[in-house]
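Colleague: I have a model open on my screen and would like to learn how to read it. Could you take me through a few features, one at a time?

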Amino acid sequence: VTRRKHHGAIRTLQVAVVCFVLVSAMPARAQLGKWIKKAQDAANSKQAKQVKEGVEAAVPSTAEQEKDIGRGVAARVIGHYHLYNHPALTAYVNLVGATVAGQAPPRKGIEYHFAVLDSDWINAYSAPGGYIFITRGALALCKDESELAGVLGHEIAHVTGRHVMKIIDSDRRKRVGKEIGSDYAQRGPAWFRYVSEIGINLAATTIFKKGLPRDDELDADKTGVSYAHAAGYPADGLERFLVKLDKARNQNGISVTQHTHPPVTDRNATIKEWITSHRWQDSDRPKLAERFIRETAAVRAKT
Amino acid sequence: LKEITGSSSEQTSATASAGAKGVGDEDGQKIADAAPDEKGEAIMESYSLPKGALAKFIAGGHLVPKQ
């Protein structure tokens with residue numbers, strides 16, 4: 001009997017302890033629940049932010065964002081070379097450029113601007129957003145308007161193909177989640193910080209130093225030829241220009257580092273194949289040599 | 001385009017052999033690092049062709065653009 005009483009007392013004590021623990025733990029559990037909820041909310045919010053940024057970064061830059069980059073690059077090109085101040089020549093290059101660009105698929109918010117750079121170097125550049133440059137030296141090497149149309153067509157094709165912007169958008173995606181990678185869909189502070197600190201430098205280094213991928217260059221050749229041909233010029237203008245470019249280079253014994261473009265032989269083989277496959281060869285279309293020589297007399301007088 | 005790249009000494013020889021015309025491509029990094037001329041960029045961007053000039057130009061060249 002005594003043992004039973006003892007067991008009963010122990011059991012009562014155990015129940016009391018359990019009840020005490022349960023009762024005293026209730027506020028702590030409630031507190032823990034609050035902490036868990038808070039942590040879940042924070043995680044959801046962070047996740048939601050990351051998803052939002054991921055979606056924004058996956059969306060290609062807008063036309064306005066592209067122009068922000070292009071303006072910066074164009075300002076550096078002009079800062080380096082300076083514009084060639086010759087209104088009649090500027091008008092002529094803009095007319096040829098607009099004729100060719102008129103055959104490119106319209107891109108909402110993108111207009112094409114053409115300028116002549118005051119340089120003897122033989123070159124042409126395009127920046128995102130439709131900023132297209134040709135040097136006096138390149139104009140002097142052209143023999144007729146169809147060659148100029150071919151060169152400008154190649155540069156226009158870089159813009160329509162968004163070749164530089166693909167590199168910018170890829171870089172943006174890598175930065176998602178970092179502070180600078182946020183708010184890309186808007187032209188807010190984060191975007192403008194990206195443009196000024198990274199975007200313009202990346203675009204300029206790509207265009208002037210590293211070069212675009214080989215496939216993009218060959219694509220610009222083919223697409224540019226298509227634009228020039230659709231504008232009414234013979235399809236082989238760019239090809240003829242590149243032959244002269246190669247010849248001028250060889251004549252002057254300049255060593256070549258073709259890290260920015262595929263070799264001319266490869267480019268012209270691609271162009272020839274493109275023209276042949278479309279049956280655009282042996283065209284009797286106007287090359288417009290006379291008009292070209294008349295309108296560009298200033299560059300030959302200077303060089 | 002950027003087909004030709006020469007060093008500054010090569011540029012000198014090109015200039016000498018080609019008369020006044022230099023053939024080549026300057027150091028791309030210099031262009032990329034150039035001080036921006038925002039005024040020049042604004043001039044370029046604000047340029048517009050006179051109304052009707054493009055149609056006249058196309059007709060004058062007997063060009064037949066694809067419609």
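Colleague: Which element gives the most to the lining of the largest pocket?

Modeller: The general idea comes in one line: rolling a probe the size of a water molecule over the atoms shows where empty space is left. In this predicted model, helix H3(A) is the main contributor to the lining of the largest pocket, with 3 residues. The elements that give two or more residues there are H3 (87–101) and strand E1 (113–117) of chain A.

Colleague: What volume does the largest pocket have, and how many residues line it?

Modeller: Its volume is about 290 Å³, and 17 residues line it. Nearest the centre of the pocket lie Ala98(A), Ala101(A), Glu111(A), Tyr112(A) and Phe114(A).

Colleague: Now for the nonpolar cores. Which residues have the most contacts inside the largest one?

Modeller: As a rule, in soluble globular proteins, nonpolar side chains tend to be buried together. Here the largest nonpolar core has 53 residues, and Leu139(A), Leu148(A), Ile156(A), Tyr233(A) and Phe241(A) have the most contacts inside it. There is also a second, separate core of 30 residues, with Ala115(A), Val195(A), Leu202(A) and Ala204(A) among them.

Colleague: Let's turn to a helix. Which residues of H10(A) are buried?

Modeller: In H10(A), the buried residues are Val264(A), Arg267(A), Asn268(A), Thr270(A), Ile271(A) and Ile275(A). They cover an arc of only 155° around the axis, so they sit on the same side of H10(A). Exposed on the other side of H10(A) are Thr265(A), Glu273(A) and Ser277(A).

Colleague: Is Thr276(A) buried, partly exposed or exposed?

Modeller: Thr276(A) belongs to helix H10 of chain A. Its relative accessible area is 44%, so Thr276(A) counts as partly exposed, a class that lies between the cut-offs of 20% and 50%. For a sense of distance, Thr276(A) and Ser45(A) are 58 Å apart in space, C-alpha to C-alpha, and 231 residues apart in sequence.

Colleague: I would also like to understand backbone angles. What is the phi of His82(A), and where is His82(A) found?

Modeller: The background is that most residues other than glycine have a negative phi, and most peptide bonds are trans. His82(A) is not a glycine, yet its phi is positive, about 75°. His82(A) sits in the loop between helix H2 (63–81) and H3 of chain A, and with a relative accessible area of 44% it is partly exposed.

Colleague: And is Arg162(A) buried or exposed?

Modeller: Arg162(A) has a relative accessibility of 18%, so it counts as buried. Its phi is also positive, near 50°, and its place is the loop between helix H5 (145–160) and helix H6 (163–174) of chain A. Arg279(A), which follows H10(A), likewise has a positive phi, near 60°.

Colleague: Last one: how many helices and strands are there in chain B?

Modeller: Chain B has 4 helices and 0 strands, running α-α-α-α from the N terminus on. Of its 67 residues, 36% count as buried.

Note on methods: Residues are numbered from 1 along each chain as its sequence is written. Chains are lettered from A and ligands numbered from 1 in the order in which they are written. This is a predicted model: local features need pLDDT of at least 70, side-chain atom pairs count only at pLDDT 80 or more; totals for chains, interfaces and linings use all residues. Side-chain values use heavy atoms; hydrogens and water are left out. Buried means under 20% relative accessible area, exposed over 50%, partly exposed in between (1.4 Å probe, protein chains only). The arc is that of the directions from the helix axis to the C-beta atoms. On a 1 Å grid over the protein atoms alone, a cavity is a set of points where a 1.4 Å probe fits but cannot get out, and a pocket is an open set with protein on both sides within 12 Å along at least five of seven lines; lining residues have an atom within 4 Å of a point. Grid points are joined across faces, edges and corners, and a volume is the space filled by probe spheres set on the points. A nonpolar core is a set of buried Ala, Val, Leu, Ile, Met, Phe, Trp, Tyr and Cys residues joined through side-chain atoms within 4.5 Å.
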